[in-house]
Amino acid sequence: VVLFEGWMSGFSAVDADESGGAQGERLDQIDPGLRTVNAKLNAYARWHRLMSAWVVLGVDDPGHVAAWRLEAERAMAAAGRPGMTDEQVADFVSRYMPAYHAYLPALYAAAAGVGVGGMPTMLVMVDKSRAVVPPAQGGV
């Protein structure tokens with residue numbers, strides 16, 4: 001058994017000129033930098049083809065990611081370890097949230113449907129407290 005984990009595992013490149021974001025926007029409307037990300041995602045298709053099954057851990061609201069990162073940074077500071085300030089966390093998270101906005105809808109739809117890359121897929125959605133919620137509540 002090999003586990004392959006990553007914040008963007010399962011993201012697939014999309015047609016940059018078609019709508020597809022959470023609100024039906026084109027990539028450039030979400031963030032101009034996503035064209036570069038989108039082009040690089042094609043290289044991950046090779047890895048995705050090596051998977052025999054997927055477990056997708058989804059969030060009912062991607063905004064929870066910022067709160068979780070802030071919580072982790074504050075815990076590090078409380079333990080006497082270096083961590084980011086609230087402002088640094090906001091800046092850091094803002095850099096990858098456009099990708100979540102652009103690619104999570106398709107990932108969740110695939111996971112709830114035919115499976116990521118057509119492979120068997122288990123979709124587990126969590127809420128802000130990290131409690132498992134039914135997929136229908138999770139925005140899928």
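Visitor: Where in the chain is the place of R130?
Guide: The model is a predicted one. In it, β3 covers residues 132-133. R130 has its place in the loop between β2 and β3.

Visitor: What is the phi of R130?
Guide: Most residues other than glycine have a negative phi. R130 is a residue other than glycine, yet its phi is positive. The value is near 70°.

Visitor: Which residue meets R130 in a salt bridge, and at what N to O distance?
Guide: Side chains of opposite charge can pair when their charged atoms come close. The side chain of R130 meets that of E71 in this way, in a salt bridge. The pair links distant parts of the chain, with E71 in helix α3 and R130 in the loop between β2 and β3, 59 residues apart. The partner of R130 is E71, and the N to O distance is 3.3 Å.

Visitor: Are E71 and R130 buried, partly exposed or exposed?
Guide: A residue counts as buried under 20% relative accessible area and as exposed over 50%. E71 has 46% relative accessibility, and R130 has 42%.

Visitor: Why are R95 and D91 separated by about one helical turn, and what is the N to O distance of their salt bridge?
Guide: R95 and D91 are separated by about one helical turn because they stand 4 residues apart in helix α4. R95 counts as exposed at 62% relative accessibility, while D91 is partly exposed at 38%. The N to O distance of their salt bridge is 2.6 Å.

Visitor: How many salt bridges does the structure hold?
Guide: Among them are the pair of E71 and R130, the pair of E73 and R69, and the pair of R95 and D91. The total for the structure is 5.

Visitor: Which residues is L107 in contact with, leaving aside its neighbours within four places in sequence?
Guide: L107 is one of the core members that touch the most others. Its contacts include F11 and V56, two residues that also belong to that group of core members.

Visitor: What separates the C-alpha atoms of A110 and L123?
Guide: A110 lies in helix α4 and is partly exposed, with a relative accessible area of 21%. Not counting residues up to four places away in sequence, A110 touches G115 and V116. A110 and L123 are 13 residues apart along the chain, and their C-alpha atoms are separated by 9.4 Å.

Visitor: Is L3 buried or exposed?
Guide: L3 lies in the segment before α1. Its C-alpha atom is separated by 25 Å from that of A66, 63 residues apart along the chain. The relative accessibility of L3 is 79%, so L3 counts as exposed.

Visitor: What is the radius of gyration of the chain?
Guide: The chain has 4 helices and 3 strands, in the pattern α-α-β-α-α-β-β. For 140 residues the globule rule gives 14 Å, and the value for the chain is close to this, so the chain is as compact as a globular protein of that length. The radius of gyration is 16 Å.

Visitor: What percentage of the contacts with a separation of 6 or more joins residues 24 or more positions apart?
Guide: Buried residues make up 31% of the 140 residues in the chain. Among contacts with a separation of 6 or more, the share from residues 24 or more positions apart is 67%.

Methods. Residues are numbered from 1 along each chain as its sequence is written. This is a predicted model: local features need pLDDT of at least 70, side-chain atom pairs count only at pLDDT 80 or more; totals for chains, interfaces and linings use all residues. Side-chain values use heavy atoms; hydrogens and water are left out. A nonpolar core is a set of buried Ala, Val, Leu, Ile, Met, Phe, Trp, Tyr and Cys residues joined through side-chain atoms within 4.5 Å. Buried means under 20% relative accessible area, exposed over 50%, partly exposed in between (1.4 Å probe, protein chains only). Contact means heavy atoms within 4.5 Å. Helices (H or I, at least four residues) and strands (E, at least two) are DSSP runs, numbered from the N terminus. A salt bridge is a side-chain nitrogen of Lys or Arg within 4 Å of a carboxyl oxygen of Asp or Glu. The radius of gyration is taken over C-alpha atoms; the globule rule is 2.2 Å times the number of residues to the power 0.38.
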